[in-house]
Amino acid sequence: MEKTIFDRDKSAVIIVDMVNDFLKPGGAFVKGLGDKYVDQEELIGSNRRLLEAARSFPVPVFFTRTVRKPGEPRYLEHFIPLTGHRAKSHALESLVEGTWGNEIIDELKPLPTEHIIHKKRRSAFLNTSLDFILRSLGRTTLVITGIGTPGCVESTVRSAFDLDYYIVMPKECTSTSSGAEDKQRALVHIGNHCAIVSTLEKVVSAMKAATPVPLLNLREVAI
């Protein structure tokens with residue numbers, strides 16, 4: 001029974017790739033590809049609210065960002081090229097370590113005590129210390145948010161599921177530059193296979209609850 005409850009003392013928040021290059025007007029993906037998030041105000045505001053709730057207890061918070069060296073290809077040559085304008089992302093000088101573009105946005109600025117996980121691929125677990133740190137803290141349930149829903153977020157959720165974590169996703173806290181329909185498809189698929197798709201209100205309420213809440217109570221009936 002213990003494993004099927006949301007217990008904030010066994011939980012952690014993971015915020016995926018909310019960096020300037022993806023989200024701010026001067027960012028590489030905004031300038032180079034014209035990327036935009038139609039629900040960006042909600043995305044940032046919802047993550048901010050979740051972050052404030054997590055910090056108030058505290059629940060450990062992890063931020064992730066993809067990190068490259070100047071001139072380093074975004075993906076290795078054996079990756080299947082993407083089609084259309086997304087293929088241009090391979091050539092963007094973006095997400096470079098130590099630059100403004102690779103910093104977490106100011107609205108979610110990490111505290112000195114919070115972890116920033118550097119990754120080379122979509123999943124925040126692949127060849128990083130994330131799993132090791134979570135297990136050392138005794139965290140078994142993860143609230144995963146960020147961008148993009150069918151990309152880095154879903155890859156991180158899938159990895160977490162395969163590592164036997166329980167995952168909750170507040171739907172207001174994730175988005176994709178490929179549009180609302182793409183986000184919806186990803187959430188439906190994630191909700192059917194890997195995680196409990198919830199709402200920010202339910203997650204924050206569970207985090208504030210005096211006693212642990214059954215995980216199934218967090219499930220959003222209509223995604």
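Reader: At what angle do helix α3 and helix α7 pack, and how far apart are their axes?

Author: Two packed helices are described by the angle between their axes and the distance between the axes. In this predicted model, helix α3 (residues 40-55) and helix α7 (residues 200-208) pack at about 5°, and their axes are 10 Å apart. Angles under 35 degrees count as roughly parallel, and α3 and α7 are therefore roughly parallel to each other.

Reader: Which residues make the contact?

Author: From α3 come Ser 46, Arg 49, Leu 50, Ala 53 and Ala 54, and from α7 come Leu 200, Val 203, Val 204 and Met 207. An α-helix has 3.6 residues a turn, so residues three or four places apart point the same way. Sorted by class, the contact of α3 with α7 holds 7 nonpolar, 1 polar and 1 charged residues.

Reader: Which residues touch the most other members of the largest nonpolar core?

Author: In soluble globular proteins, nonpolar side chains tend to be buried together. The largest nonpolar core here has 38 residues, and Val 13, Met 18 and Met 207 touch the most other members. Elements giving two or more residues to this core include β2, β3 (61-66) and β5, as well as α3 and α7. The most comes from α3, with 6 residues.

Reader: What does Val 13 touch?

Author: Leaving aside residues up to four places away in sequence, Val 13 touches Leu 50, Ala 54, Val 59, Pro 60, Val 61, Phe 62, Val 143 and Met 207. There is also a second, separate core of 24 residues, which includes Ile 14, Phe 125, Met 169 and Ala 195.

Reader: Where does helix α5 bend, and by how much?

Author: Helix α5 covers residues 149-162 and bends by about 25° at Ser 155. After α5 comes Asp 164, which has a positive phi, near 75°.

Reader: Which elements do the buried residues of α5 pack against?

Author: They pack against the strands β2 (11-16), β4 (115-119), β5 (141-147), β6 (166-170) and β7 (174-175), and against helix α6 (180-193). Among the buried residues of α5 are Cys 152, Val 153, Val 157 and Ala 160.

Reader: Is Thr 149 buried or exposed?

Author: A residue under 20% relative accessible area counts as buried. Thr 149, in helix α5, has 0% relative accessibility and therefore counts as buried.

Reader: What lies around Thr 149?

Author: Not counting residues up to four places away in sequence, Thr 149 touches Glu 154, Thr 174, Ser 175, Thr 176, Lys 183, Ala 186, Leu 187 and Ile 190. Thr 149 and Ala 186 are 37 residues apart along the chain, and their C-alpha atoms are separated by 6.4 Å.

Methods. Residues are numbered from 1 along each chain as its sequence is written. This is a predicted model: local features need pLDDT of at least 70, side-chain atom pairs count only at pLDDT 80 or more; totals for chains, interfaces and linings use all residues. Side-chain values use heavy atoms; hydrogens and water are left out. The bend at a residue is the angle between axes fitted to the seven residues ending there and the seven starting there. Helices (H or I, at least four residues) and strands (E, at least two) are DSSP runs, numbered from the N terminus. Buried means under 20% relative accessible area, exposed over 50%, partly exposed in between (1.4 Å probe, protein chains only). Contact means heavy atoms within 4.5 Å. Axes are lines fitted to C-alpha atoms, for helices over the stretch in contact, and angles run from 0 to 180 degrees between N-to-C directions. Angles under 35 degrees count as roughly parallel, over 145 as roughly antiparallel, 65 to 115 as roughly perpendicular and the rest as oblique. Ala, Val, Leu, Ile, Met, Phe, Trp, Tyr, Cys and Pro count as nonpolar, Asp, Glu, Lys and Arg as charged, and the others, Gly among them, as polar. A nonpolar core is a set of buried Ala, Val, Leu, Ile, Met, Phe, Trp, Tyr and Cys residues joined through side-chain atoms within 4.5 Å.
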